[in-house]
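Here's a quick tour for anyone meeting this structure for the first time. Have a look at the sequence and the fold, then read on for the highlights.

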Amino acid sequence: MIASTAHELEDADGNYLVTRLDPAGPPRRVLLFAVGGGGDPGRHAPLLEALARAGNRVVAAHHARLIGGRVTPELLLGRIARIEAALALAEAPELPVAGVGHSIG
């Protein structure tokens, strides 16, 4: 059974969530998931759950939805900072880390 937890973090833009999914057994790797323009990793729940069932500890930061298609360097740097902060929630420095992204992620 997959365990899913939500953690609330804060940055200069305010509070945001990080979702972590753990496999039933010991994880083989940490998988950072970077969402696309929709900003909510829950939109990809079946994929994230399948990745966790395959033995990955999945960590995904939530972001504000992109409106109007304009992406600025500041927006991208903010997303990167959130993903880096999410990595600390993996609590597994001994495991290899891989990244998966969707669209702008």
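Two strands count as paired when DSSP finds at least two bridges between them. Helices (H or I, at least four residues) and strands (E, at least two) are DSSP runs, numbered from the N terminus. With that in hand, strand 3 (29-34) and strand 4 (56-61) run parallel and are joined by five bridges.

A word on the ground rules. This is a predicted model, where local features need pLDDT of at least 70 and side-chain atom pairs count only at pLDDT 80 or more, while totals for chains, interfaces and linings use all residues. Residues are numbered from 1 along each chain as its sequence is written, and side-chain values use heavy atoms, with hydrogens and water left out.

**How the strands pair up**

- Strand 1 (residues 3-11) and strand 2 run antiparallel, with nine bridges joining them.
- These two strands make a hairpin, and two residues sit between them.
- Within that pairing, Leu9 has Tyr16 of strand 2 as its bridge partner, and Asp11 has Gly14.
- Strand 2 (14-22) is also joined to strand 4 by four bridges, again in an antiparallel arrangement.
- On that side, Leu21 is partnered with Val58 of strand 4, and Arg20 stands opposite Val59.
- Over in the parallel pairing of strand 3 with strand 4, Phe33 stands opposite Ala60.

**Strand 4, tucked inside**

- Buried here means under 20% relative accessible area, exposed means over 50%, and partly exposed is anything in between (1.4 Å probe, protein chains only).
- Six of the six residues of strand 4 are buried, so this strand is largely enclosed by the rest of the structure.
- In a regular strand, side chains alternate between the two faces of the sheet.
- Asn56, Val58 and Ala60 point one way from strand 4, Arg57, Val59 and Ala61 point the other way, and all are buried.

**The nonpolar cores**

- A nonpolar core is a set of buried Ala, Val, Leu, Ile, Met, Phe, Trp, Tyr and Cys residues joined through side-chain atoms within 4.5 Å.
- The largest one has 13 residues, and Val18, Val30, Val59, Ala61 and Ala86 have the most contacts inside it.
- Strand 3 gives the most, with three residues.
- There's also a second, separate core of nine residues, with Leu21, Leu31, Val35 and Leu48 among them.
- What does Val18 touch, once its neighbours within four places in sequence are set aside? Its contacts (heavy atoms within 4.5 Å) are Thr5, Ala6, His7, Leu9, Val59, Ala60, Ala61, His62, Ala86 and Leu89.

**The largest pocket**

- On a 1 Å grid over the protein atoms alone, a pocket is an open set of points where a 1.4 Å probe fits, with protein on both sides within 12 Å along at least five of seven lines; lining residues have an atom within 4 Å of a point.
- The largest pocket holds about 190 Å³ of space, where volume is the space filled by probe spheres set on the points, and grid points are joined across faces, edges and corners.
- Its lining includes Asp11, His63, Arg65, Glu74 and Arg82.
- Helix 2 (residues 73-88) supplies the largest share of that lining, five residues.
- By class, the lining has three nonpolar, two polar and six charged residues. Ala, Val, Leu, Ile, Met, Phe, Trp, Tyr, Cys and Pro count as nonpolar, Asp, Glu, Lys and Arg as charged, and the others, Gly among them, as polar.

**Helix 2 and what follows**

- Glu84 lies in helix 2 and is exposed, with a relative accessible area of 56%.
- Glu84 and Leu32 are 52 residues apart in sequence, but 9.1 Å apart in space, C-alpha to C-alpha.
- Glu91 sits in the loop between helix 2 and strand 5 (97-101), and it counts as exposed at 59% relative accessibility.
- The phi of Glu91 is near 50°, a positive value in a residue other than glycine.
- Val97, in strand 5, is partly exposed, with a relative accessible area of 46%.
- Leaving aside neighbours within four places in sequence, Val97 is in contact with Val30, Leu32 and Leu87.
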